[in-house]
Structure formats: C-alpha cells, structure tokens
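This report is written for someone meeting the structure for the first time. It goes from the whole fold to a few residues and the pairs they form.

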Amino acid sequence: MIESIILGLLQGLAEFLPISSSGHLVLGKELLGMEEAGMFFDIMLHAGTLLSIFVVFRKKIVDMIVGCIRRDKTQLKEVGYIVLASIPTAIIGIGFKKPLESLFENPRAVCCALLVTATLLFVSQWGKTGSKHPECEGVQMNWWRALVTGVVQGIACIPGISRSGSTISGMIFLGVNRKYAGEFSFLMSIPAVGGAALLDVIKWVKCQDPETVARYAIEKPEKALACADASGFTPELLVGMVVAFIFGVIALKWLMAFVQKGKFHYFSYYLWAAGILGLIFIK
C-alpha cells in the first residue's frame, strides 16, 4: 500500500510538472528497491492522471466538443491541431517502441535525460515568449507548429525527457503564447496518455487468456515473460489511481500558474540536482 501511494504521488505530480513522470518512476523504483508494480498498475496510474486532465480542463474540453458538433471553425481548428500533433507522436512512440522500452531499464540514462530536460527548461526563458520577453504576446498555433510540437512530444517518450516541459518549451521557442502553450500541451496529452493506456489495456486483456499466454510461451517467450506481471485488480491499485488523480489535479493547476508567470524555468534547478545526484548514487 505504501509503495502504491508513493508511485501514485510520483505519477500524479511528475506527469504534469516538467520533471518527467516516467523518469521519476524509474528512479523511484531503483532508489527505493521496489519491484515492478505490474502492467495493470500502470493502466490505473494512467487512468488517474487522464481523469485529472478532464477535471481541470473540463470547460475547455466541453467547449471543444460542443463547438465541433456545431461546426464552429475555431473549435474545429483547435481539435485539428491536437489530432495533427498526435500523428508524429504516435509514429515515434510505436516505431521506436523497443529501444524506448529498453531505456526504462537504464536508470543512469534516465539521469542524463533529466539533465537534458533541465537545460531545455532553463534556456526556454530566452524563447520568443519566454520570461525574458514579457512584452511578447505570442503568435497563434498553426499546422506546422502543431506538427513540430507533436514531434517534440514523441521524443519525450524517452524516460527522463519531460513531455510537458519539452512541449511547452518548444512552443515558447516557436513564439506561442505561454498560457495557450500550457493549455495545448495538456490537451494534446489526452490522445498520448489515453493511447498509452489503451495499448496497456490491450496487452493486459491478451495476458488474461491462458491459451494466448501458452502460445506466447512457445512462440514469443518475451511476451510470456511480460504477462507474468499482468496482475489483476487490488485495493492498493485503486489507492494508487486516486493518489495519482489528486496530485495530478494539484500539479496541473500549479504548473499553469508557473507558466503564465514566466517561472517555468525554476524547475530546471531541481532537475539538475536530481540528475547529478542520480548519476552519483545509482550504479
């Protein structure tokens, strides 16, 4: 139960704060000596953080849905940008699935990625709409900025590279308004986080079929091994999901305030410390 609470807290805070949830889960398990939480637990954590997005941005999401039904050009364009940004993310995430998954077993590589994220956050203050340029209101999102942001989100599949940190920083460099950049980053995370959860659900469902697992054992031993951690529902998993949801809401509201006030780069100091300490203490 304690491990479930800790991992839920890490997922909830780090999923939206620009400090990389995947990187913190890898380091958290390594430093605390935790065993793999299991495939179903990953699904529950994703569900918790996904729910927090819908709660915090419920008005924006409802407006987009209603606008699309009424064929409002502004809302249709907004949804189109989110879909467009999701395409390169999906291509990178699925196309480089195996090498990306291997990085989850390399905590030192995660520490190096945290240092990259820290540097990106720090230099973002000199971007076109960064805190060093408070007078710049920014430009509107367009199709090529959405595509570039989607590529950045795909690169953030690397554990230790923050999804929110890299996408918001990228949009700041592209001259997008800071407040809009924060909102767009989290709205475009719905297909990304939801897609990751869906893939986990599909894998988990397959692992519940004894015949499929038996076939895996003969034809694809690595998949049979992965099914070994496809645990079922337990109260601990529900607690982890609830904790991830609560702290996801807190993190979302907190980060939006930091982005709008131009204090986004403050997180870089923490990441530099975490990355350096990780390289020192993790062998």
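Throughout this report a residue is called buried when its relative accessible area is under 20%, exposed when that area is over 50%, and partly exposed in between, as judged with a 1.4 Å probe and protein chains only. The model is predicted, so that local features need pLDDT of at least 70 and side-chain atom pairs count only at pLDDT 80 or more, whereas totals for chains, interfaces and linings use all residues. Residues are numbered from 1 along each chain as its sequence is written, and side-chain values use heavy atoms, with hydrogens and water left out.

**The whole protein**

The protein has 15 helices and zero strands; helices (H or I, at least four residues) and strands (E, at least two) are DSSP runs, numbered from the N terminus. Its radius of gyration, which is taken over C-alpha atoms, is 19 Å, in agreement with the value near 19 Å that a compact globule of 283 residues would have; the globule rule behind this is 2.2 Å times the number of residues to the power 0.38. Along the principal axes, the C-alpha atoms fill a box of roughly 60 × 50 × 35 Å. Of the 283 residues, 47% are buried, and the accessible surface comes to about 14,200 Å², with 68% of it belonging to carbon and sulfur atoms; these areas come from the Shrake-Rupley method with a 1.4 Å probe. Contact here means heavy atoms within 4.5 Å, and among the contacts with a separation of 6 or more, 79% are between residues 24 or more positions apart.

Side chains of opposite charge can pair when their charged atoms come close.

An α-helix has 3.6 residues a turn, so residues three or four places apart point the same way. Asp 63 and Lys 59 are four residues apart in helix α4 (residues 58–69), and are therefore separated by about one helical turn. Asp 63 is partly exposed at 33% relative accessible area, while Lys 59 counts as exposed at 61%. Glu 101 and Lys 97 are likewise four residues apart, about one turn, in helix α6 (residues 97–103), and both are partly exposed, Glu 101 with a relative accessible area of 38% and Lys 97 with 34%.

Glu 78 is buried, at 10% relative accessibility, whereas Lys 60 is partly exposed, at 26%.

**Aromatic rings**

Rings of Phe, Tyr and Trp (its six-membered ring) pair if their centres lie within 6.5 Å, and planes under 30 degrees apart count as stacked, over 60 as edge-to-face and the rest as tilted. A search of the whole structure finds 11 aromatic pairs. One of them is the tilted pair of Phe 258 and Phe 267, whose centres are 5.1 Å apart with 50° between the planes, and both of these residues are buried. Elsewhere, Phe 122, Trp 126, Tyr 269 and Trp 272 form one aromatic cluster.

Thr 49 lies in helix α3 (residues 39–56) and is buried, with a relative accessible area of 0%. Leaving aside neighbours within four places in sequence, Thr 49 is in contact with Gln 11, Gly 12, Glu 15, Phe 16, Val 193 and Ala 244. Thr 234, by contrast, is found in the loop between α13 (221–227) and α14 (235–260) and is partly exposed at 29%.
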